[in-house]
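Student: Hey, I've got a new structure to look at. Can you walk me through it?

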Amino acid sequence: FFLNSFPFSLPCGQSVASRLLLATGMAAAAAADAGPLKLRIRVAGSADFEIELEGGAAATVLDAKIAATASCDIDPEAMRVICRGRILKDDDVLEACGVKSGDAIHIARGSPAAPSAAPTPA
């Protein structure tokens, strides 16, 4: 009861309880038997293609980006992965964001992530 009573949600709309289950590995272990995660990738100006992620339910957005580089010419650092109207972050777990095998995700070309500059001493 307590975990689901928070008035906020975590990235990808996941509940606190589901994030804790995922963090403890219970959800990932339960889904490990489900097999690979198959996704249809849509890139603007290119033909759709499919990828298969061996990580299954534990696969992250970064895993999808790396797998997609085999079929598109966008550098993973410049890829923006969009699903259900949200830009997903590299460390987001796809299944926790509601992505299931057979779903389509969109890849857009963005600018590579800029390295954070160290503050200069005054």
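Predicted model: local features only at pLDDT ≥ 70, side-chain atom pairs only at ≥ 80, totals over all residues.

Student: Okay, which residues are buried in helix α3?

Tutor: Helix α3 runs over residues 61-68, and V61, A64, K65 and A68 are buried there. They sit on the same side of α3, because they cover an arc of only 100 degrees around the axis.

Student: And what covers the buried residues of α3?

Tutor: The cover includes four strands: β2 (49-53), β3 (79-83), β4 (86-88) and β5 (104-109).

Student: Switching topic. How many salt bridges does the count come to?

Tutor: The count comes to five salt bridges. One of them joins the side chains of D90 and K65, at 2.6 Å from N to O.

Student: Wait, why do charged side chains pair up at all?

Tutor: Opposite charges can pair when the charged atoms of the side chains come close.

Student: Is K65 buried or exposed, then? And what about D90?

Tutor: K65 has a relative accessible area of 4%, so K65 is buried, as the cut-off is under 20%. D90 counts as partly exposed, at 35% relative accessibility.

Student: Which residue does D73 meet in a salt bridge?

Tutor: D73 meets R109, with 3.4 Å from N to O between their side chains. D73 lies in the loop between α3 and β3 while R109 is in strand β5, so this pair ties together parts that are 36 residues apart in sequence.

Student: Are D73 and R109 buried or exposed?

Tutor: D73 counts as exposed at 66% relative accessibility, and R109 counts as exposed at 57%.

Student: What about R84, which residue does its side chain meet?

Tutor: R84 meets D103 in a salt bridge, at 3.3 Å from N to O. That pair links distant parts of the chain too: R84 is in the loop between β3 and β4, D103 is in the loop between β4 and β5, and 19 residues separate them. R84 counts as exposed, with 51% relative accessibility.

Student: Last one. Where is A47 found?

Tutor: A47 is in the loop between β1 (37-43) and β2. A47 counts as exposed, at 61% relative accessibility.

Student: And what distance separates the C-alpha atoms of A47 and S71?

Tutor: Those C-alpha atoms are 9.5 Å apart, while A47 and S71 are 24 residues apart along the chain.

Methods
Residues numbered from 1 in each chain as written. Heavy atoms only, no water. Buried < 20%, exposed > 50% of the residue type's maximum accessible area, 1.4 Å probe, protein only. Helix = DSSP H or I, 4+ residues; strand = E, 2+ residues; numbered from the N terminus. Arc of directions from axis to C-beta. Contact = heavy atoms within 4.5 Å. Salt bridge = Lys/Arg side-chain N within 4 Å of Asp/Glu carboxyl O.
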